[in-house]
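Colleague: I would like to learn how to read the features of a model one at a time. Please take me through this one.

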Amino acid sequence: MEKEAIKLAYLDYVLRKGQPPVSVYKLMHKLGATEAEFYQHYATFAAIDREIWADFGRQARARAAEEPVWEQYGAREKLLGFYYTLLEILKQNRSYALWSLRYSLTKMPGMTPRILDDFRQGFEQFVADILRDGRRTEEVASRPMIQEKYPRAFWQQMLFVLGFFAKDDSLGFERTDAAIEKAVTLSFDLVGRNTLDSAVDFVRFLVQSR
């Protein structure tokens, strides 16, 4: 039994029934296969969900990077490009995306659902990379004491965006578009050079001038 066939059968069941299959046995029986064949590829149904969401993230990063002007983008524009590309992918898979988000986010409000674990790892690495580039161009302020925590902070922003998307009933998810732009603008106002950095530089100057 091919791995992709199991994933598609699981997706079909979830979309038709609005819940995961009752058991691995029942899903595989419908496919004319055995449980053992399932466990050759996945440990649980949740592992399929994690793979699907990780695929969403990989697809969004790859498609966004195909933009002809990608290499000219700064960190802020790259993050926006990723978010908007991800949103298009979620719209194309909206039934599954909305079901899985509503099913998982309500279980642990404010916490990362397990089905997003692999997606989170890819996202945080992506953010770390673009912020590192941003520090080289001085779009992002260098703050050695806290900058290593930025990817996890941006992940909280991602959870906000996904939660907003799951509840958005506006046509074409227009409010989610607006929420993304405002959230990214705020985050880069915070990680970029601002009044606090100027104050620290001034204090450093006074200390060194004594």
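Colleague: Where is Thr85 found?

Modeller: Thr85 is found in helix α5; helices (H or I, at least four residues) and strands (E, at least two) are DSSP runs, numbered from the N terminus. This is a predicted model, in which local features need pLDDT of at least 70 and side-chain atom pairs count only at pLDDT 80 or more, while totals for chains, interfaces and linings use all residues. Residues are numbered from 1 along each chain as its sequence is written, and side-chain values use heavy atoms, with hydrogens and water left out.

Colleague: Is Thr85 buried or exposed?

Modeller: Buried means under 20% relative accessible area, exposed over 50%, and partly exposed in between (1.4 Å probe, protein chains only). Thr85 has a relative accessible area of 17%, so Thr85 is buried.

Colleague: What does Thr85 touch, not counting residues up to four places away in sequence?

Modeller: Contact means heavy atoms within 4.5 Å. With that exclusion, Thr85 touches Ala60, Arg63 and Ala64. A polar atom of the Thr85 side chain also lies 2.7 Å from the backbone oxygen of Gly81.

Colleague: How are two packed helices described?

Modeller: By the angle between their axes and the distance between the axes. Axes are lines fitted to C-alpha atoms, for helices over the stretch in contact, and angles run from 0 to 180 degrees between N-to-C directions. Here helix α5 (residues 75-92) and helix α7 (residues 117-136) have axes that come within 9 Å and cross at roughly 155°. Angles under 35 degrees count as roughly parallel, over 145 as roughly antiparallel, 65 to 115 as roughly perpendicular and the rest as oblique. The helices α5 and α7 are therefore roughly antiparallel to each other.

Colleague: Which residues in α5 and α7 meet?

Modeller: From α5 there are Ala75, Lys78, Leu79, Phe82, Tyr83 and Leu86, and they meet Phe119, Phe123, Phe126, Val127, Ile130, Asp133 and Gly134 in α7. By class, the residues of this contact of α5 with α7 are 10 nonpolar, one polar and two charged. Ala, Val, Leu, Ile, Met, Phe, Trp, Tyr, Cys and Pro count as nonpolar, Asp, Glu, Lys and Arg as charged, and the others, Gly among them, as polar.

Colleague: At what angle do helix α1 and α6 pack?

Modeller: Helix α1 (residues 3-17) and α6 pack at about 75°, and their axes are 10 Å apart. That angle makes α1 roughly perpendicular to α6. Tyr10, Leu11, Val14 and Leu15 of α1 make the contact with Ser95, Tyr96 and Trp99 of α6. The contact of α1 with α6 has six nonpolar residues, one polar and no charged.

Colleague: What about loops? Where is the place of Leu116?

Modeller: Leu116 sits in the loop between α6 (94-105) and α7. Leu116 has a relative accessible area of 0% and is therefore buried. Not counting residues up to four places away in sequence, Leu116 touches Trp53, Trp155, Leu159 and Leu162.

Colleague: Which loop residues have a positive phi?

Modeller: Two cases can be set side by side. Glu138, in the loop between α7 and α8 (150-167), has a phi near 70°, a positive value in a residue other than glycine. Glu138 is exposed, with a relative accessible area of 63%. Phe173 lies in the loop between α8 and α9, and its phi is near 55°, again positive in a residue other than glycine. At 5% relative accessibility, Phe173 counts as buried.

Colleague: With which side chain does that of Thr176 make a polar contact?

Modeller: A polar contact is a pair of N or O atoms within 3.5 Å; within protein, one must be able to donate a hydrogen and the other to accept it, and residues adjacent in sequence count only if both atoms are side-chain atoms. The side chain of Thr176 makes one with the side chain of Asp168, at 2.7 Å. Thr176 lies in helix α9 (residues 174-191) and, at 1% relative accessibility, counts as buried.

Colleague: How many helices and strands does the protein chain have?

Modeller: The chain comes to 10 helices and zero strands. Buried residues make up 44% of its 210 residues.
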